Amino acid sequence: MPERETGEVGWRGASSGVDQTAVRRANLARVLDEIRRAGVASRAEIAARSRLTKATVSNLAADLLDRGLIRESGLRRDGAVGRPGRSLELDGSEITALGLEINSKYLAARGTDLAGRVVVQQRLGFDAMHASPESTIDRLAKLALDAIAELERAESGRAGSYLAGIAVAVPGLVDVPAGKVRYAPNLEWRSIPIAEALRDRLERTSAPIVVDNEANLSALAEWHCTPDPTADLVYLTGEVGIGAGLITDGRLLRGSSGFSGEIGHIPVDPEGQPCGCGRHGCLETKIGLRAVLQAAAPDLAADECDPQEQAHALLQRAENGGPQALAGLEEVGRWLGIGISVLVNLLNPDAVVLGGYLGTVAPYLVPTAMRELRARAVAGDAAACRITASTFGFTAAVRGATSIVIEEVLQNPLRIPARGAVPAAAD
Ligand SMILES: [Zn+2]
């Protein structure tokens, strides 16, 4: 490597080690992507699709096999002549990803293997709004250590289970390169170095740790983990806080400092209730979980309750025709439509996906929100923008967190260490 290939990524007679590594990384990712798309494919099929020679594909496949990213399956005959070769499929059963979430009212962990198979999933009630950052991160670290032990236990038999990365979802403004929360209004956190603090507490793993905003990761869950996703979507978190994750043209829209999507803090009622951010009448004060419960089901509004249980109890009341619940949800639907009209006029998304409690009670919100949206969308044909409920419930952020670790590995297979000598090309 490299041998001259017409379709090889980045080939310019690469002379430096850096160039050669970049070329190899890109070609490994390309072969891995072909295998992932195909499900099962022979080396010849991959060569035909990727415009690499069969010899190069065999060499790259041997490398991917050695890293445990793919495995060989049944015999497959590529043509009328020659002996049949073994076909290839995605493996990654020994490569794992861990997603973590700090929420106002709970902590969560989800561990999967490279193929997305869930090995561990936990959610535990935790009042982060009234706990210090240190004790919250202590508890999160314990949850992470338990999950890592579970991930390791799941890979009995063969040595070499490898945690590829940890991603943490946080409800606030996150400086992603620094791994820091700049400001989380509902937690009252400012400048908390989460990645560093977690690294100190997770000495037993050297896996990279990234931190990102929960709405961003939830939007990426919709993009990475749903069949046939739309490339222009807005994901709305529906918890104590309201935030938006924006996917435009298949990419996360972060803004210049990474702080985009704070739709919960657009002012909709200057004379309105105080918001966690210190201002008045933000959208969050109209459609955040706390505000909704106070209007629709005040007896369920205690802070220590689990938001998922609160959401289901609220749904139950609406289904039973409870007048206060129905009136409260009607009002939320109206404000939700007002908020979505801002997003629609600004971004023209194909779909707005409701997460958290908004997803749970969506049938009672969407008709009113659509009516409001049609009246306010300047383009007029606002009906073309769908408002749907996320199917991920309160797991969207941790799903998105594991998905970014997996995507990173698929983009850069060299991140996974080789297990031994690369065997000779199989055919
Ligand atoms: Zn606010």
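**Helix packing and sheets**

Q: Against which helices do the buried residues of α8 pack?
A: They pack against α7 (284–287), α9 (307–319), α10 and α11 (356–360). A residue is buried if 20 or more other C-beta atoms lie within 10 Å of its own, exposed if 12 or fewer, and partly exposed in between, with C-beta atoms placed from the backbone. Residues are in contact if their C-beta atoms, placed in that way, lie within 7 Å. Helices (H or I, at least four residues) and strands (E, at least two) are DSSP runs numbered from the N terminus. The model is predicted: local features need pLDDT of at least 70 and side-chain atom pairs count only at pLDDT 80 or more, while totals for chains, interfaces and linings use all residues. Residue numbers start from 1 along each chain as its sequence is written.

Q: How many residues of α8 are buried, and which?
A: α8 is mostly covered, with 6 of its 8 residues buried. The buried ones are Leu 289, Arg 290, Ala 291, Val 292, Leu 293 and Ala 296.

Q: At what angle do the axes of α8 and α10 cross?
A: Axes are lines fitted to C-alpha atoms, for helices over the stretch in contact, and angles run from 0 to 180 degrees between N-to-C directions. The axes of α8 (residues 289–296) and α10 (residues 323–347) cross at roughly 140 degrees and come within 8 Å. α8 and α10 are therefore oblique to each other: under 35 degrees counts as roughly parallel, over 145 as roughly antiparallel, 65 to 115 as roughly perpendicular and the rest as oblique. The contact involves Val 292, Ala 295 and Ala 296 of α8, and Gln 324, Ala 325, Gly 328, Leu 329, Glu 331 and Val 332 of α10. By class, this contact has 6 nonpolar, 2 polar and 1 charged residues. Nonpolar covers Ala, Val, Leu, Ile, Met, Phe, Trp, Tyr, Cys and Pro, charged covers Asp, Glu, Lys and Arg, and the others, Gly among them, are polar.

Q: How are α2 and α3 placed relative to each other?
A: The axes of α2 (residues 43–50) and α3 (residues 54–66) come within 9 Å and cross at roughly 115 degrees, so α2 and α3 are roughly perpendicular to each other. Arg 43, Ala 44, Ile 46, Ala 47 and Ser 50 in α2 meet Lys 54, Val 57, Ser 58 and Ala 61 in α3. By class, the contact of α2 with α3 has 5 nonpolar, 2 polar and 2 charged residues.

Q: In what order do the strands of the open sheet come?
A: Strands of a sheet pair through backbone hydrogen bonds, either parallel or antiparallel. Pairing here requires that DSSP finds at least two bridges between two strands. The open sheet has 5 strands in the order β14-β13-β12-β15-β16, with mixed pairing. Its edge strands, β14 (251–252) and β16 (386–389), each pair on one side only. α10 packs on this sheet, where it touches β12, β13 (244–248), β15 and β16, and its direction makes about 25 degrees with that of β13. Within the sheet, β12 (residues 233–236) and β15 (residues 351–354) run parallel, joined by 4 bridges. Leu 236 stands opposite Leu 354 in β15.

Q: How many residues lie between β9 and β10 in their hairpin?
A: There are 4, and Glu 188 in the turn has a positive phi of about 55 degrees. β9 (residues 180–184) and β10 (residues 189–192) pair in the antiparallel sense over 3 bridges. Ile 192 in β10 is the bridge partner of Val 181.

Methods. Two residues are in contact if their C-beta atoms, placed from the backbone, lie within 7 Å.
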